[in-house]
Amino acid sequence: QVQLVESGGGLVQPGGSLKLSCAASGRTYSTYTMAWFRQAPGKEREFVAAIMWSGGGTYYADSVKGRFTISRDSAKNTVYLQMNSLKPEDTAVYYCAATSRSLSAVVAALPGATSLEVWGQGTLVTVSS
């Protein structure tokens with residue numbers, strides 16, 4: 001089993017930047033795709049971005065395209081989410097998730113998250129002045 005631990009959340013002003021990290025441990029060799037989802041208060045969980053562990057192919061939600069960048073450091077078993085030009089509507093708990101399925105399988109299942117098998121505990125991002 002893979003364990004995921006997110007970090008890097010906090011309070012940031014509109015227009016600011018924040019970088020989230022997701023450290024994976026355990027049976028990381030079984031991980032094929034990792035993703036970030038978020039859930040704002042009173043709203044359903046929504047997809048943010050995903051990345052293939054091998055090869056680095058990526059996919060983004062339209063709402064974050066051009067502002068957020070997902071990346072991975074294979075040596076550190078860590079996935080990152082660089083968030084720039086943050087808006088109040090980006091306020092949410094951000095969750096890291098992993099799966100042994102392909103990036104295309106994850107994308108095909110959107111907006112659902114049933115293809116993701118392991119989840120972190122989440123990290124809160126608040127965008128406010």
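I looked up the pairing of strand E3 (residues 18–26) first: E3 runs antiparallel to E8, joined by six bridges. Strands here are DSSP runs of E, at least two residues, numbered from the N terminus, and two strands pair if DSSP finds at least two bridges between them. Cys22 has Val79 in E8 as its bridge partner.

The model is predicted: local features need pLDDT of at least 70, side-chain atom pairs count only at pLDDT 80 or more, and totals for chains, interfaces and linings use all residues. Residues are numbered from 1 along each chain as its sequence is written, and side-chain values use heavy atoms, with hydrogens and water left out.

Next I checked strand E7 (residues 68–73). Six bridges join E7 to E8 (residues 78–83), again antiparallel. Phe68 stands opposite Met83, and Thr69 has Gln82 as its bridge partner. Four residues lie between the strands of this hairpin, and Asn77 takes a positive phi near 50 degrees.

How many residues of E8 are buried? I found five of its six (buried is under 20% relative accessible area, 1.4 Å probe, protein chains only).

Leaving out residues up to four places away in sequence, Tyr94 touches Phe68, Leu81, Met83 and Thr123, among others (contact means heavy atoms within 4.5 Å).

Last, I looked at Thr123, in strand E11 (residues 123–127). Thr123 counts as buried because its relative accessibility is 10%. Its side chain reaches the backbone nitrogen of Gly9 at 3.1 Å.

Key
Buried means under 20% relative accessible area, exposed over 50%, partly exposed in between (1.4 Å probe, protein chains only). A polar contact is a pair of N or O atoms within 3.5 Å; within protein, one must be able to donate a hydrogen and the other to accept it, and residues adjacent in sequence count only if both atoms are side-chain atoms.
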